[in-house]
Amino acid sequence: MEFTEKLKKLSLNNLSKDLLRDITKYHRIQGSSGLEEAVKYTASFLSSLGLEVKFIEIPSSSVKGFTSTPVSWNARRGLIEFKKNSEIIIRYSYEDNPTLISAHSPRGSGCGKLKLCKDVHDCSGDVVLVEAPAYLAYRLISANLIILYDSSRYPEAVPYTGIFLQSGEIKETSVVNIPYNTALKLISMLSKGIEIEVCWDIDTEYSTSPLHGVLAYNGSEPGVLYMSHICHPKPGAHDNASGVVANIIVAKIINSIDDKMPHAHLFIPEYTGTVFADSYLPWIPRGVVNLDMVGSKQWITNSTLNIIMPPLFVKSIITPYTYLASKLVLDEASSFGGFKLPAIKYSISPYTAGSDHDVTIMWGLDSTMLNEWPSRYYHTDMDDIDTISTQYLTKIAMASTLAGKMLISRYREEDVLSRFKEQIKAWYSIEALKTDIDVSGISKILDKQVTLKYTSKYTPISSRLLYKVLGLDKSMKLRKIEGVSSYLMVYAPLAYINNISNHLELYQLENLLKWNREETQLIEEAWELIKQELG
């Protein structure tokens, strides 16, 4: 393809490097001044490309659909010290560890004796150490200071958590994070009867100022929407400065080689900004590409680039085009015989919730996501620019651009769609050999795909709503069931509003899961409660 050859002649690695360095300077917590500055910086660059630029206003402490926005918030200072016999043995500061303060934590200071809690049940004290979801810990634990750790994060890094409060939820409890290795050290000392004193000084502030995102676009006819969430704490290189930069590079590429192609670029606080973006769109997009965590040095992050499909009962053409474009751009390595092979790891993936494509899928838009997972330093202060390959990031931006170009030109649409369905069937057939699951039903799903209709009425089901309607005990049990979050947040609601009745069975088949009887009963009970909220 002529367009592909033009893409490969572009030199954008240095621009990617500059943009990545600039974006990661900002502490981009939702509702913070750092996020506002990052949005303004991005808007300025997009404006320099000649695109129409609009700022999106997102009211703080508000609700739209099933998604709530937090009150605006800034952290100014943070310090925590652990003492044994009045001697400081461990110390963390917000200046050195930007993820120390849980996002939207209230201010507070003092000293107190450290107490270990197994979970949020019957947990109280002056200062408590616990592994638990941040919001639940904040709501249910009576303490002056809650110290969180996360055994699933890189053990030497300070994890990122957020309680994302609304204005009526603020109380006199500060929340901070420490590395898992530090938590293990403290737990060991407490188990030996050693008394640990904790002193802290957390200075934060709230305001009623709105949050903002930015939309840039060109063309009066419906085109492709590229979106990336621009929030997350400093440095947040992989999550999600990488997606922001890739999105900007897509705009730069189109501006350079096909300025007549209709395209739009959305940069928003994750979820909370996307749900308010519908009224700002210049047209109903023909397809959506969500760029969230791309272009890492995979040998460092241990990641694979996933091309996330929408639920298989949904007809999609942007996903097949994205897969084909990835092969055309990323297959640059050679076999011994000279056959083109992937230069980086990538694969198609069943639908997974957890980013802004959830919102556009619920709206009925044909949407895919490019996302690298797992990510070694995900949601920690060690998610730095050293983990990003600007060469790979630029290549993924090129593939995303090419996918959009194919969509606009309807490049061999029936051929591409037909062959991609065969690819899906083959992928499941091979996976079935590993799992011993009968996947013959995949063909039936693909034969009965539905075309979604656009409406911005619905949003994904938030975890806050799940806690509210299910209660603590059921919510905590559900968290332990593999794949349940994606099912309850998006898959089941989307199937329900599109009259797909057997969605629980379909979801397990798509994700090669076998929920047991007890798990199935719990999930069915949860779904019945959620269905009442949908109306």
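**Note on helix packing and the sheet**

1. Helix 2 crosses helix 6 in a right-handed sense (right-handed: the near helix is turned clockwise from the far one by less than a right angle; left-handed: anticlockwise). Helices (H or I, at least four residues) and strands (E, at least two) are DSSP runs, numbered from the N terminus.

2. This is a predicted model: local features need pLDDT of at least 70, side-chain atom pairs count only at pLDDT 80 or more, and totals for chains, interfaces and linings use all residues. Residues are numbered from 1 along each chain as its sequence is written, and side-chain values use heavy atoms, without hydrogens and water.

3. Helix 2 (residues 13-23) and helix 6 (residues 237-257) pack at about 135°, axes 9 Å apart. Axes are lines fitted to C-alpha atoms, for helices over the stretch in contact; angles run from 0 to 180 degrees between N-to-C directions. The two helices are therefore oblique to each other (under 35 degrees is roughly parallel, over 145 roughly antiparallel, 65 to 115 roughly perpendicular, the rest oblique).

4. Helix 2 contributes L15, S16, L19, L20 and I23 to the contact; helix 6 contributes residues including A237, V244, I248 and K252. Contact means heavy atoms within 4.5 Å.

5. The open sheet has 7 strands, ordered 5-4-10-6-7-8-9, with mixed pairing. Two strands pair if DSSP finds at least two bridges between them. Strand 5 (87-93) and strand 9 (174-177) are the edges; each has a single partner strand, so one side of each lacks a neighbour in the sheet.

6. Strand 8 (residues 145-148) runs parallel to strand 9, joined by 4 bridges. L145 sits opposite S174 of strand 9.
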